[in-house]
Amino acid sequence: MPGRRAQTEAGREGKGPVPPAGARGGEGGGSLNLSGLAYRAVSEMIRDRRLKGGETIVEQRLAETLGVSRTPLREALQRLEGEGLVVKAPNRSFVVRHVELAEYLQSLKVREILEPEAAALAAGRIPVPRLRALRAEAVELNAAPAHTDAHWTSDDAVHRVLAEHCGNKVMARLIESLRITTRLFEIAWLSDRVGPDSSEHIAILDALIDGDARAARRAVQAHIRSLSRFTLTMVG
């Protein structure tokens with residue numbers, strides 16, 4: 001149960017970004033601004049694993065770390081709950097969502113159905129300069145010796161561009177929700193997978209640059225299946 005897990009140490013000195021001094025305090029619109037700052041800060045802390053899956057969030061400690069009151073922090077946590085990044089424990093505390101292997105693989109299977117179709121639908125609809133920029137980024141990251149935040153950002157950008165241009169808002173929302181689930185697992189277990197992701201992204205982007213819907217479908221399908229195989233080798 002979440003209550004038995006070690007509580008986060010995010011409140012220790014130096015842990016977590018602090019909003020600019022000018023952004024603190026205030027009511028009304030200021031509260032909304034602080035909520036947004038807290039949302040971005042906590043999202044980043046989950047992504048870089050200062051807040052780990054299964055950890056209970058100690059609100060007072062985290063609020064002090066971020067330099068905000070508990071009200072905007074709670075608003076931020078409620079937003080993150082709606083996105084599936086945190087969940088409520090029985091004691092009403094917020095807990096960083098923990099994704100097990102089975103849920104991850106099942107989510108990948110659904111993505112394998114949806115995302116190749118999204119790629120095929122998006123082919124010919126995405127501005128080529130944007131695709132070339134994403135490709136250049138993937139090539140640069142492919143040569144990097146270790147995984148960095150830039151890899152996660154690039155990964156998000158490649159997959160998001162498919163969903164944004166597939167012309168089906170329901171499909172796009174489903175893909176985004178599934179990617180939240182798979183990302184929570186990947187940041188915990190698959191952060192060493194650098195080369196395969198970048199090279200597979202390049203293949204996807206090449207197909208999209210060519211406007212080849214069939215090749216884009218195949219490239220995305222191969223990418224997701226590669227993720228499944230890699231995961232079973234590393235974790236299964």
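Contact here means heavy atoms within 4.5 Å. The legends below describe close-up views of a predicted model.

Figure 1. L208 has its place in helix α8. Leaving aside neighbours within four places in sequence, L208 is in contact with A119, A123, I126, L131, L162 and A216. Because its relative accessibility is 4%, L208 counts as buried. P127 is 81 residues away from L208 along the chain, and the C-alpha atoms of the two are separated by 9.7 Å.

**Figure 2. S198, a second residue of helix α8.** Helix α8 covers residues 195-209, and S198 lies in it. S198 touches A138, L141, N142 and H151, when residues up to four places away in sequence are not counted. With 4% relative accessibility, S198 counts as buried, as L208 does at its own value of 4%.

**Figure 3. Helix α4 along its length.** Helix α4 runs over residues 101-122. Its 22 residues, at 1.5 Å a residue, should span 32 Å, and the C-alpha atoms at its ends are 30 Å apart, so the two values agree. The helix has a kink of about 30 degrees at E112, shortly before the proline P116. After α4 comes G124, which has a positive phi, near 85 degrees.

Figure 4. The buried residues of α4 are Y104, S107, L108, R111, E112, L114, E115, P116, A118, A119, A120 and A122. The partners against which the buried residues of α4 pack are α6, α7, α8 and α9.

**Figure 5. E117, a partly exposed residue of α4.** E117 is found in helix α4. Its relative accessible area is 27%, and E117 is therefore partly exposed. Apart from neighbours within four places in sequence, E117 is in contact with M171 and R217. The C-alpha atoms of E117 and A213 are separated by 8.9 Å, although the two residues are 96 residues apart along the chain.

**Figure 6. The largest pocket.** The volume of the largest pocket is about 510 Å³. It is lined by 20 residues, of which S43, L85, D156, R160 and R183 are the closest to its centre. Helices α1 (29-47), α6 and α7 each supply at least two residues of this lining. The largest share, 8 residues, comes from α7. Divided by class, the lining of the largest pocket has 9 nonpolar, 2 polar and 9 charged residues.

**Figure 7. The second largest pocket.** The second largest pocket holds about 170 Å³ of space. Among the 14 residues of its lining, R49, K52, G53, H98 and A188 are the closest to its centre. Helix α7 supplies the largest share of this lining, with 5 residues, and also the largest share of the lining of the largest pocket. The lining of the second largest pocket divides into 9 nonpolar, 2 polar and 3 charged residues.

**Figure 8. The second largest cavity.** The structure holds 2 cavities of 30 Å³ or more. The volume of the second largest cavity is about 40 Å³. R111, W152, D155, H159, R179, E186, D197, H223 and L227 form its lining. At least two lining residues come from each of α6 (149-164), α7 (169-189) and α9 (213-234). Helix α6 gives the most, with 3 residues. The lining of this cavity has 5 charged, 2 polar and 2 nonpolar residues.

**Figure 9. The whole protein, for orientation.** The protein has 9 helices and 2 strands. From the N terminus on, its elements run α-α-α-β-β-α-α-α-α-α-α. Of its 236 residues, 46% are buried. Among contacts between residues at least 6 apart in sequence, 77% join residues at least 24 apart.

Technical notes: Residues are numbered from 1 along each chain as its sequence is written. This is a predicted model: local features need pLDDT of at least 70, side-chain atom pairs count only at pLDDT 80 or more; totals for chains, interfaces and linings use all residues. Side-chain values use heavy atoms; hydrogens and water are left out. On a 1 Å grid over the protein atoms alone, a cavity is a set of points where a 1.4 Å probe fits but cannot get out, and a pocket is an open set with protein on both sides within 12 Å along at least five of seven lines; lining residues have an atom within 4 Å of a point. Grid points are joined across faces, edges and corners, and a volume is the space filled by probe spheres set on the points. Helices (H or I, at least four residues) and strands (E, at least two) are DSSP runs, numbered from the N terminus. Ala, Val, Leu, Ile, Met, Phe, Trp, Tyr, Cys and Pro count as nonpolar, Asp, Glu, Lys and Arg as charged, and the others, Gly among them, as polar. Buried means under 20% relative accessible area, exposed over 50%, partly exposed in between (1.4 Å probe, protein chains only). The expected span of a helix is 1.5 Å times one less than its number of residues. The bend at a residue is the angle between axes fitted to the seven residues ending there and the seven starting there.
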